[in-house]
Each structure stands twice: as structure tokens, then as C-alpha cells.
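Visitor: I would like a walk through this model, with each label set against its cut-off. Where do we start?

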Amino acid sequence: MASILHYALAQGYAAYTSTLVEAWRLSIHGLSKPLLDALGRNHDTLELSPDEDYTHDAIAAFGILEAKRHRQRGVSIAMFMGLFKYYRQSYLDLLDQGAFSPEEKNWAANYLHRFFDRIELGLCSEWTTSSDAERMTELQTASRLMTNEKNKYLTLFESISQPVILLDADGILDRINQAAARWLQIADNRFYSIDFIDAVNASLQGKRYDAIFPWLRGFLENLDENRTVVTEHRSIPLNHQQLEIEVLCSAMCDVSRKFNGYVLVLFDRTHEYKLISELQNMHVQLLQASKLESIGQLAAGIAHEINTPSQFVNSNIGFLEEAFSQLQTSLSALIAAAETGNVSPEMLRSALEDADWPYLEAEIPVALQQSREGMARVTSIVQAMKEFTHPGNTEFEQVDINHLIELTATVARNEWKCCAELILDLDPDLPVITGLANEIGQVLLNLLVNAAHTITEKLNRNRDADPCRITITTGVRDASVIISIADTGCGIPEQIRTKVFDPFFTTKTVGQGTGQGLAIAYDVVTRKHKGSLDFGTVLGEGTTFTIRLPIEKQRGLDREKALFL
């Protein structure tokens, strides 16, 4: 097929032949079938005889049929016979490429020549014996069929509800359908060929697509070297409104090169994008609600975390007040004595003993250090809460995963400190990733709290259980950051392992969980960050959740985020 198409293009026959590859394939199929049939009937020879009636020859029948078809299309016998010679040459070319002996090749070449001779004899016989009246009838019938076929596809073109724009090879507007004409606000009952110079189309004559639609500027240049189908989104002002448009562009499938050009199909996605925007806002609200729910559940523990250092700060302040009072009394006595000039070493020693100075000298620095540490603890908790509850950036940014883990551990400390030892094995050389810090933090909190809850459940069942641990590790593998959160809790029963990421699925009692935590975590990791969230579990021994987050933002993520599907 490629060989014949090459000859047709090189010798100029493609201007009168089919534009589609499939038509050429069917042509080869139609020609090869009688050849195979002939080989099955008569393998030895197809030599010609002066007494043969080629109108009844099975091989010549193919030529007779093709003669009628091409004559109806207005093709001359010379034009058809010329192209048919190259059909013969293509089969001989194929024979030359085969691994045959000289004897086999000579026999096969002779067989092919006689096969094509018979077809040509049948074709010439049909072409030369038909009368002018028969030919006129054929042409009239063919003309009606071709007109009906043209009208069928013109009706189809005009009936497409999406705007369709046909461009030539240089991007010049060639034809538009009625839907596209409405976009240009020139819709009426005419056919929208740009060939007609009239009041409607004169303004479009000879114009490139980007001169008529400036928002499509550079679109054709985005096609790859094979000029295959490409789809792009454009946000445009049109007809006094802002529209969200999907543009599909495809090069015309014309192997004959008669109709080189492009097809543009426009899809108005404005309504869908508005719905997507609303869904995106709802998702943001849901995420924030989930975070507030988590904070609400952690509030009592956080208050306790703040209360403990606050209490010993308060106790130390009381101690310092008492110490100051004692020192003030002793200093006042010393000042009075100094004013009369009666200060002696014995009096100074007595004053310090009354104030219990050796004790105060040892304990006041300790009290100050404890108070400083307590306030630092309170400050770190408040800062962690402030950072964690902040709505965060909705755009992708540089995220320090190790810092997020430490922040989450601080916020959730009261959840895990009474039931497990928390081990942070964080890679000090972990690179920052491009992501949504606020949402990744929520994922880490959900997994850490779940780990603490499953360990608490295990301890409630067996107080003599082995020491419980939650281990969080980070590392790098295959251009991704890997986060592992392992617990020594109950493990996940086999019958619910396929449901853990389902929305609203929970094994917790009413009031302890909504079943949204893992569902949100899975959505954030897999859809928004194009990563993965998996787990491994052993019943009675624990569960390990593994998060994989690409270090760099993957291509196509903006579109995915915009569609929010």
C-alpha cells in the first residue's frame, strides 16, 4: 500500500485518487483477493488465449468492475491505466523484496504479469464496448449519488452542535459550520464556505485563524512534528462574556495531499468550569472543616499541654515572690544599719542567714531556667497551633516535610505521649518538595492520630502489651520523598482493608471519627500531588502507612487541579 501511494504521489495521480488511507487499503484488499483466488484455482499458468471471453473471466471481472466505477467518476481510460501500471509495479516490488530463488521469482513475476494483463483486458473490453448512452446514464447516476453524498456530509457538518473550523495548510480560514458562525455573530441560513465573497464572508476572506480568533494565537505551533491531535484550554472574552473553551485541533487525514489543513473543534466548558470552581471551594471548606474537627478533638489535650508548663511557671513565680520578700526584709535591715554606720560582718552574715541565702542562691537560677523552659514549651505549642490552623497557601510551594512532621508531632503530642513512644527518624538531607503544605500537614495529623488511637485500643484490650511505639521515617527514592508512619497497634482486619480509604467509612464510635480522615489523605496524596498512599498491616502487630510524594511538581498538575475532578 505504501509503495502504490508513493508512486501515485510521485507521478501526480494522487490529485485524482482517494484522500484516506483506509480507501487505499480496501483497494489493495480488492485486488489481492482475485489473485489469491486464481492461485487456488490455477497455480500453473494464466497465459492468454485469442479465443477467451474476458467478460466471463473471474480475474478480468475485477477490471470490469473498476472500469465502471472510475468511468462514473469521470476518469479517462488513459488516466486509470497509467495508475494501474504502478499497481502492477508495486506487486513486483514486493516480489523483489522476498527471499526467493531465481526460478521461483521468474515464475511468480510471469504469473503476476499475466494476472494484471487479464484485468487490463477486461477493463479495456468494458470501457470500449459501452455505448455513449450507457456512459451518459452512468454519469448521471453517479452525479446524483455524489450530490447526495456531498449534501449528506454538508448536512452533517452543519448539524454539529460544536463550532467547527476548517483551516488550510497555512492556517487560513477555509470553512466554518453554523455553530462557529454564531460565535462570529454572522449566523444566517447560508452555507458557510469562505469562498463566497459577500457581505457575510468578505471580512473573513484570506484571514488566518489567529486574526479572527486572537485567543488562538500560537495554537498550530503547539502541534508536535506528527501534527497529531492536541487539546488545549483557553479562557477568552467573547460576545461580552468570559468563556472557558476547550480547543481540539487535528491535522486532516489526507494522504493524497489535496486537502492539507487542520480541523478545529471548540467546546464551551464555561458551565462545567463554574461547577468545578464551586466544587473546589467546597473541597477547601471540607478540608478546613476536617482540620477544625481535628483541632477540636485535640483541644483538651493541647490545653493540658499548655497547662502543665504554665503550672510550674506559676509555682516558680510564687517561689520567686517569697524569695524576693525575704531578701527585701534582709536588705532593708542592712540599709538601715548602713545609714547609722553599724554594719559589721556578723550583721551581714546574720542577714543572709535570715534570708536563707544559700538555698535561694541555688534555687533561684533553677526556677528561672524552669520558667524559661516552660514558657518556651508554651510558645512552641502556641506557634505550632497557629501554624497548623492557618488556612495556608492554595498554590503549590516549597514544603519542608521534616518540619511539617515535627509540627504535627507537637500539635498531637497529648494524643500519643500517654500511649506510645514517638520515634522520629528523619533524613537530615531530605529535599524540599513542591506541594500544598497545609494539606500535607492534615494528612500527617490524620495518620499520626489514627496510629495513637489504634495503640490506645490495643492497650485497652491488654495492659500487659509490649511497649508501644510510633515511628515516623523520611527518605528519598526515585525522585520522590518517602514518609513512613508505623505503629505497633492492633493492625487492620482483612475484611475492611479494601475500605479504609472509602469516604465516611470508620470503625470508631460515634463522636470519635467521621470516616473522612483517610479519604481526604488519599485524595490529597494521589490526586493533588500525583503520589501514592499505601499500607501494610499485620493483625495484632501493627500497621505501616507509606506516603510517596514527587519532589518536583509533575507536568499536567495545573490542569488536574483546575479541573478538580
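Visitor: Why are H1 and H4 called oblique to each other?

Guide: Their axes cross at roughly 140 degrees. Angles under 35 degrees count as roughly parallel, over 145 as roughly antiparallel, 65 to 115 as roughly perpendicular and the rest as oblique. The H1 and H4 pair is therefore oblique. Axes are lines fitted to C-alpha atoms, for helices over the stretch in contact, and angles run from 0 to 180 degrees between N-to-C directions. H1 covers residues 2-10 and H4 residues 77-97, and the two axes come within 9 Å. Helices (H or I, at least four residues) and strands (E, at least two) are DSSP runs, numbered from the N terminus.

Visitor: What kind of model is it, and how are residues and atoms treated?

Guide: This is a predicted model, where local features need pLDDT of at least 70 and side-chain atom pairs count only at pLDDT 80 or more, while totals for chains, interfaces and linings use all residues. Residues are numbered from 1 along each chain as its sequence is written, and side-chain values use heavy atoms, with hydrogens and water left out.

Visitor: Which hand does the crossing of H1 and H4 have?

Guide: The crossing is right-handed. A crossing is left-handed if the near helix is turned anticlockwise from the far one by less than a right angle, and right-handed if clockwise.

Visitor: Which residues of H1 and H4 meet?

Guide: Ser3, Ile4, Tyr7 and Ala8 of H1 meet Leu83, Tyr86, Tyr87, Gln89, Ser90 and Asp93 of H4. Contact means heavy atoms within 4.5 Å. By class, the H1 and H4 contact has six nonpolar, three polar and one charged residues. Ala, Val, Leu, Ile, Met, Phe, Trp, Tyr, Cys and Pro count as nonpolar, Asp, Glu, Lys and Arg as charged, and the others, Gly among them, as polar.

Visitor: Why are H12 and H14 oblique to each other?

Guide: The axes of H12 (residues 401-411) and H14 (residues 437-461) cross at roughly 50 degrees and come within 9 Å. That angle makes H12 and H14 oblique. Their crossing is right-handed. H12 brings Ile401, Leu404, Ile405, Thr408 and Ala409, and H14 brings Ala437, Ile440, Gly441, Leu444, Leu445 and Leu448. The H12 and H14 contact has nine nonpolar, two polar and no charged residues.

Visitor: What makes alanine 14 buried?

Guide: Its relative accessible area is 4%. Buried means under 20% relative accessible area, exposed over 50%, partly exposed in between (1.4 Å probe, protein chains only). Alanine 14 is therefore buried. It is placed in the loop between H1 and helix H2 (21-41). Alanine 14 touches Ala8, Leu9, Ser256 and Lys258, not counting residues up to four places away in sequence.

Visitor: Why is the pair of phenylalanine 319 and tyrosine 359 called edge-to-face?

Guide: Rings of Phe, Tyr and Trp (its six-membered ring) pair if their centres lie within 6.5 Å; planes under 30 degrees apart count as stacked, over 60 as edge-to-face and the rest as tilted. The count comes to 12 aromatic pairs by this rule. In this one the centres are 6.0 Å apart and the planes at 90 degrees, so the pair is edge-to-face. Phenylalanine 319 sits in helix H9 (residues 270-340) and tyrosine 359 in helix H11 (residues 357-389), 40 residues apart. Phenylalanine 319 is buried at 18%, whereas tyrosine 359 is partly exposed at 42%.

Visitor: What makes the pair of phenylalanine 501 and phenylalanine 535 edge-to-face?

Guide: The ring centres are 6.0 Å apart and the planes at 65 degrees, so this pair is edge-to-face. Phenylalanine 501 lies in the loop between E10 and H15 and phenylalanine 535 in strand E11, so the pair ties together parts 34 residues apart in sequence. Phenylalanine 501 counts as buried at 18% relative accessibility. Phenylalanine 535 counts as partly exposed at 23%.

Visitor: Is aspartate 478 buried or exposed?

Guide: Aspartate 478 has a relative accessible area of 70%, so it is exposed. It lies in the loop between strand E9 (469-477) and strand E10 (480-487). Most residues other than glycine have a negative phi.
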